[in-house]
Amino acid sequence: MVNHTPTSVVTIERFIIEQERQHPEASGDLSNILYDLALAAKMITNKVRSAGLVDILGSAGHENVQGEIQQKLDVFANETIIKAMDHTGRLCGMASEEEDGIIPIPGQFRTGKYALLFDPLDGSSNIDVNVPVGTIFSVVPKITRGRDGTMEDMLQPGRRQVAAGYVIYGSSTMLVYTTGQGAHGFTLDPSIGEFLLSHPNIQIPATGRYLSVNDSYQQLWHENVRQLMRRYRGLEGDRKPMSIRYVGSLVADFHRNLLGGGLFAYPRNQKSPEGKLRLLYEANPLAFIVEQAGGRASTGTQRILDVQPTELHQRTPLYIGSREDVELAESLVA
Ligand code: AHM
Ligand code: MG
């Protein structure tokens with residue numbers, strides 16, 4: 001960990017370079033992938049920030065806006081990331097929550113030794129009501145030979161990730177990432193267009209105040225899960241009751257709990273027996289971050305990072321956040 005005085009301004013570029021210097025063998029490719037993702041995040045920020053204005057500007061007769069077929073933001077985010085990443089020679093392929101199969105690197109470009117998996121705009125149903133949304137990403141090493149990334153490259157357990165992170169488009173835009181040397185948060189200063197180090201070495205409290213869960217699935221949960229929730233809420237056992245906080249945007253719920261302590265749970269239920277969230281685009285990257293921050297992530301019966309994926313869009317039950325709160329889930333759900 002590099003130490004910075006609280007008054008020094010550290011851009012994400014400087015921070016990534018300083019972390020890379022601790023690995024003299026590094027080629028710089030991973031650092032460049034992170035810069036490119038930061039750039040894509042700035043472009044998506046601009047679009048998200050103006051989302052609510054489209055109708056107003058349109059009705060005021062601004063031709064350029066009215067004439068444009070308004071692209072859905074999640075499609076825009078997906079294409080922005082692909083375009084920012086496909087020509088750099090650092091990736092062998094990508095996978096996105098928005099696309100069915102592997103996104104290949106076009107033939108005219110070189111390929112590289114990493115694969116990128118991402119959820120371009122998570123919680124996008126929240127856009128219309130001005131609630132935070134986010135981008136989540138995961139980087140794994142290419143393990144097969146040949147030019148292009150294959151399913152085998154994409155379907156690696158989360159513990160093989162070499163970098164992971166998310167961007168939250170909230171009252172500020174923040175980017176949080178890890179390369180396995182702690183989890184670090186950067187806030188976008190819109191006046192200079194730079195991500196500045198604001199949350200070095202994030203540590204999640206061992207137990208937290210907030211419980212993020214969609215309670216309306218209660219009737220569909222297994223009795224073990226219902227009992228677990230009663231324990232969290234102090235209706236059973238001797239725990240201090242947790243408060244419910246649920247935005248319905250995973251990144252926003254996760255981020256709050258990461259900084260302040262707490263647990264996000266999306267258990268399996270009768271209608272979604274595998275849970276809802278995606279292992280590769282959502283659970284793995286956030287699990288890498290939470291573990292780097294001293295927290296834990298589990299399916300209820302297994303550490304998320306140890307799950308062997310079998311398909312790109314695989315879903316998983318998820319309990320993620322403060323270590324002790326996740327351990328309670330593991331003890332009851334198993
Ligand atoms: P999405 O990928 O279709 O946006 O769905 C993922 C979102 C998460 O952000 C959020 O945690 C979850 O779905 C909420 O689901 P529910 O409405 O069932 O509580
Ligand atoms: Mg999603």
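**Entry 1: polar contacts and the salt bridge**

I looked up the polar contacts between domain 1 and domain 2 of this predicted model and found 13 residue pairs, both residues at pLDDT 80 or more. A polar contact is a pair of N or O atoms within 3.5 Å; within protein, one must be able to donate a hydrogen and the other to accept it, and residues adjacent in sequence count only if both atoms are side-chain atoms.

Across this interface I noted 1 salt bridge (a side-chain nitrogen of Lys or Arg within 4 Å of a carboxyl oxygen of Asp or Glu). I also looked up Asp306, which forms a salt bridge with Arg159, with the closest N and O atoms 3.0 Å apart.

**Entry 2: the domains**

I read the bounds from the domain assignment, automatic or from a database: domain 1 covers 12–199 and domain 2 covers 210–333.

I then looked up the C-alpha centres of the two domains, which lie 24 Å apart.

**Entry 3: buried area**

I recorded about 2,700 Å² buried between domain 1 and domain 2, with carbon and sulfur atoms giving 66%. Buried area is the accessible area (1.4 Å probe) that two parts lose on being put together, summed over both.

**Entry 4: conventions**

I noted that local features need pLDDT of at least 70, that side-chain atom pairs count only at pLDDT 80 or more, and that totals for chains, interfaces and linings use all residues. Residues are numbered from 1 along each chain as its sequence is written, chains are lettered from A and ligands numbered from 1 in the order in which they are written, and side-chain values use heavy atoms, leaving out hydrogens and water.
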